[in-house]
Amino acid sequence: MPRILIMNAGTAQMSGGDLTATQLSLSANSACRSAWFAQEGDLIVSPVAIPADLLSFIGATLNFDASSLSTLVPDDARESLILNDCTLLSNAFVERLNSHIRQKSTWRISACYSSEGVARLAELLGIPQSGDEFALQRGPDLLNRKSHFRQLATSVALPLPSGCATTNPNELFRAVTSLRSETGNVIVKLDNGAGGVGNVILTGNESGALPGARDTRTVAWPSFDPQALWSEMITASCKTLVIESYHLARAPFYLEYEIEEDGSIVFINSGSIRLRRSEDRSERALIWTGLELPSDLTNEQWLAAQAHAYRFVELARTLGYRGMINIDGIFASDGRLFFNEANGRWGGGSVLHSIAVRLLGIDYSSRHVISSVRNVPLCSLQAALDRFVRYGFLFDGTRKEGVIPLAVDQEAGTVECLVIARDRSTARDLQHRLLAMAN
């Protein structure tokens, strides 16, 4: 059955209504990356045009006829770079979409984020889906707010760092003052910020950039101006901050599940989150370099994390949510397990897992390690392919190893790549060689 793939990353439901230029660019680039979900006959709804050469390469790599794909870019999305609900429900776009899907009798909808607008669009198109009732009441928003995560996670006894939600500068001051004594570090999170861009770490120690935030700031306690931080961090669309004691992570990871239409819970994949320090010493944030699947947790760690996370997913199912759900956590430097947040949407590893299953089989994680490598300095898909062929890096379907270019960031002049290898050490060696080659 063909699908309507809706690339609505970066919507207000996920990230608030006040995205920076960098966030808008990441949202647009994620649409090209997510085109790797496509299967024969699918219709891709995207805020940006998907390059024809990328679609052809996807089809050739995944062994299907890419000419069978259709793409639609709503007029309202071209400038905003976001597929918001208003755009999806505009009369002009619904009519364009209807003219496409009339050619086939049965369709499914698969969206990055199950928003109210996606559920209403499904109604208009006559495509009934389990979970739409929950989405019509904006239920998935519960799974994409840091304050809601703490509330829901507490109800199923997930291990959380000490913390609370605040709604004014006075509460912020009390929370920071109370929590800083636990580890000496406090993290302040914008309720609906994504990817760490809404987070600031406050520390009493001279420290370089710490994981999980856009800035690490040394504070001379008790010299702390809550009003200034409050005014800096809140946005017009979000006036809630979550404050937590900050624990140094020895092993940051995520777990991903899918709650299927019949309510079945399926474990999808786990991954480790890779970060590195910038060569620029003035940079106050670590650079996210990619993901590695499966995670490098020990069996004991994985079983402990899985047992806790599954309870949260069961709660999401009971609430009525259907779709992909990711839960982020860490094992701290002292060995303790903490969960940080959940997201009811496609995660960063979702498309990597999808590609691996199609190329290597559903049990790929028992035989392979796959990893994404961001910001490889190459200016186009063709330049990447030419370079990878020359160096013998391009994925070989017979050997089941190599590098696949996923998407090009034209503004930055970089490519995100997927590395497929037989073991972790080989994968990491190939990552280093890939970056060295490109430079």
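**Figure 1. Helix α10 and the residue after the helix.** Glycine 184 follows α10 and has a positive phi, near 90°. This is a predicted model, in which local features need pLDDT of at least 70 and side-chain atom pairs count only at pLDDT 80 or more, while totals for chains, interfaces and linings use all residues. Residues are numbered from 1 along each chain as its sequence is written, and side-chain values use heavy atoms, with hydrogens and water left out. Helices (H or I, at least four residues) and strands (E, at least two) are DSSP runs, numbered from the N terminus. Helix α10 covers residues 169-183, 15 residues in number, and at 1.5 Å a residue should span 21 Å; the expected span is 1.5 Å times one less than the number of residues. The end C-alpha atoms of α10 are 22 Å apart, which agrees. At the start of α10, the backbone nitrogen of asparagine 170 has a side-chain oxygen of asparagine 168 within 3.0 Å.

**Figure 2. The buried residues of α10.** Pro169, Leu172, Ala175, Val176 and Leu179 are the buried residues of this helix. Buried means under 20% relative accessible area, exposed over 50%, and partly exposed in between (1.4 Å probe, protein chains only). The elements that cover these residues include β5 (163-166), β6, β7 (199-203), α11 (226-233) and β9.

**Figure 3. Salt bridges of glutamate 244.** A salt bridge is a side-chain nitrogen of Lys or Arg within 4 Å of a carboxyl oxygen of Asp or Glu; by this rule the count comes to 20. Arginine 150 and glutamate 244 form one of them, with the closest N and O atoms 2.8 Å apart. Because arginine 150 lies in helix α9 (residues 146-155) and glutamate 244 in strand β9 (residues 241-245), the pair ties together parts that are 94 residues apart in sequence. Glutamate 244 also forms a salt bridge with lysine 189, where the closest N and O atoms are 2.9 Å apart. Lysine 189 is in strand β6 (residues 185-190) and glutamate 244 in β9, so this pair ties together parts that are 55 residues apart in sequence. Arginine 150 is buried, glutamate 244 is buried with a relative accessible area of 3%, and lysine 189 counts as buried at 5%.

**Figure 4. The salt bridge between arginine 428 and aspartate 296.** The two side chains meet at 3.4 Å, N to O. Arginine 428 belongs to helix α15 (residues 424-438) and aspartate 296 to the loop between β12 (287-293) and α12 (299-319), so the pair ties together parts that are 132 residues apart in sequence. Arginine 428 is partly exposed, at 33% relative accessible area, and aspartate 296 is partly exposed, at 37%.

**Figure 5. Nonpolar cores.** A nonpolar core is a set of buried Ala, Val, Leu, Ile, Met, Phe, Trp, Tyr and Cys residues joined through side-chain atoms within 4.5 Å. The largest has 60 residues, and those with the most contacts inside this core are Trp36, Ile370, Phe388, Ile404 and Leu434. Leaving aside neighbours within four places in sequence, leucine 434 is in contact (heavy atoms within 4.5 Å) with Val373, Val376, Phe388, Phe393, Val403, Cys417 and Val419. Another core, of 28 residues, lies apart from the largest one and has Leu152, Tyr257, Ile259 and Leu337 among its members.

Figure 6. For cysteine 238, the nearest cysteine sulfur is that of cysteine 164, 15 Å away. Cysteine 112 counts as buried at 7% relative accessibility, and cysteine 238 counts as buried at 6%.

How values were computed. A polar contact is a pair of N or O atoms within 3.5 Å; within protein, one must be able to donate a hydrogen and the other to accept it, and residues adjacent in sequence count only if both atoms are side-chain atoms. A disulfide is a pair of cysteine sulfur atoms within 2.5 Å.
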